[in-house]
Amino acid sequence: MAADFKYDIVEEIGVLSENAKGWRKEINLISWNGATPKYDIREWAPNHEKMGKGVTLTKEELETLKKLIY
């Protein structure tokens with residue numbers, strides 16, 4: 001049974017890609033269950049009515065990822 005949760009997209013940062021069905025891989029700043037917003041990368045259906053699995057990063061983790069990539 002899936003747990004109920006709430007999310008608030010605080011800031012839509014950008015779209016990384018879009019597939020033929022209109023689902024978009026996005027990076028956003030999201031508050032999950034009222035917690036401090038975190039950076040989130042996942043696929044979203046049009047109008048954000050459904051979401052796929054993703055990864056959530058703190059600002060520090062995102063900065064570390066950036067250093068590792070460059």
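Which residue in β3 does Lys25 stand opposite? Lys25 stands opposite Glu43. The points below set that pair in context.

1. **Basis.** This is a predicted model, in which local features need pLDDT of at least 70, side-chain atom pairs count only at pLDDT 80 or more, and totals for chains, interfaces and linings use all residues. Residues are numbered from 1 along each chain as its sequence is written, and side-chain values use heavy atoms, with hydrogens and water left out.

2. **The sheet.** An open sheet is formed by 4 strands, in the order β1-β2-β3-β4, with antiparallel pairing. The edge strands are β1 (7-18) and β4 (51-57), and each pairs on one side only. On average, neighbouring strands are turned by 25 degrees against each other, direction ignored. Strands (E, at least two residues) and helices (H or I, at least four) are DSSP runs, numbered from the N terminus. Two strands pair if DSSP finds at least two bridges between them.

3. **β1 with β2.** Strand β2 covers residues 24-32 and pairs with β1 in the antiparallel sense over 9 bridges. Val15 stands opposite Glu26 in β2. Ser17 has Lys25 of β2 as its bridge partner. The hairpin of β1 and β2 has 5 residues between the strands, and Gly22 takes a positive phi near 90 degrees there.

4. **β2 with β3.** These strands run antiparallel and are joined by 7 bridges. Their hairpin also has 5 residues between the strands. In its turn, Asn33 has a positive phi of about 55 degrees. β2 is largely enclosed by the rest of the structure, because 7 of its 9 residues are buried. Buried means under 20% relative accessible area, exposed over 50%, and partly exposed in between (1.4 Å probe, protein chains only).

5. **β3 with β4.** Strand β3 (residues 38-44) pairs with β4 in the antiparallel sense over 5 bridges. Tyr39 has Leu57 of β4 as its bridge partner.

6. Most residues other than glycine have a negative phi. Asn47 has a positive phi of about 65 degrees although it is not a glycine. Phi of His48 is also positive, near 60 degrees. Asn47 is in the loop between β3 and β4, and His48 is found in that loop too. Are they buried or exposed? Asn47 counts as exposed because its relative accessible area is 75%. His48 has a relative accessible area of 15%, so it is buried.

7. **The helix.** α1 lies across β3 and β4 and runs at about 85 degrees to β4. Axes are lines fitted to C-alpha atoms, for helices over the stretch in contact (heavy atoms within 4.5 Å). Angles run from 0 to 180 degrees between N-to-C directions. Lys66 has its place in α1 and counts as exposed because its relative accessibility is 54%. Lys66 and Ile13 are 53 residues apart in sequence and 16 Å apart in space, C-alpha to C-alpha.

8. **A surface patch.** Ile69 lies in α1 (residues 59-69). Its relative accessible area is 59%, so Ile69 is exposed. Leu65, Ile69 and Tyr70 form a nonpolar patch on the surface, with about 390 Å² of accessible area together. Like charges are joined within 9 Å, and nonpolar side chains (Val, Leu, Ile, Met, Phe, Trp, Tyr) within 5 Å. Accessible areas come from the Shrake-Rupley method with a 1.4 Å probe; for residues, only the protein chains shown count as cover.

Key:
Patch = residues over 30% accessible without salt bridge, like charges linked within 9 Å, V, L, I, M, F, W, Y side chains within 5 Å. Salt bridge = Lys/Arg side-chain N within 4 Å of Asp/Glu carboxyl O.
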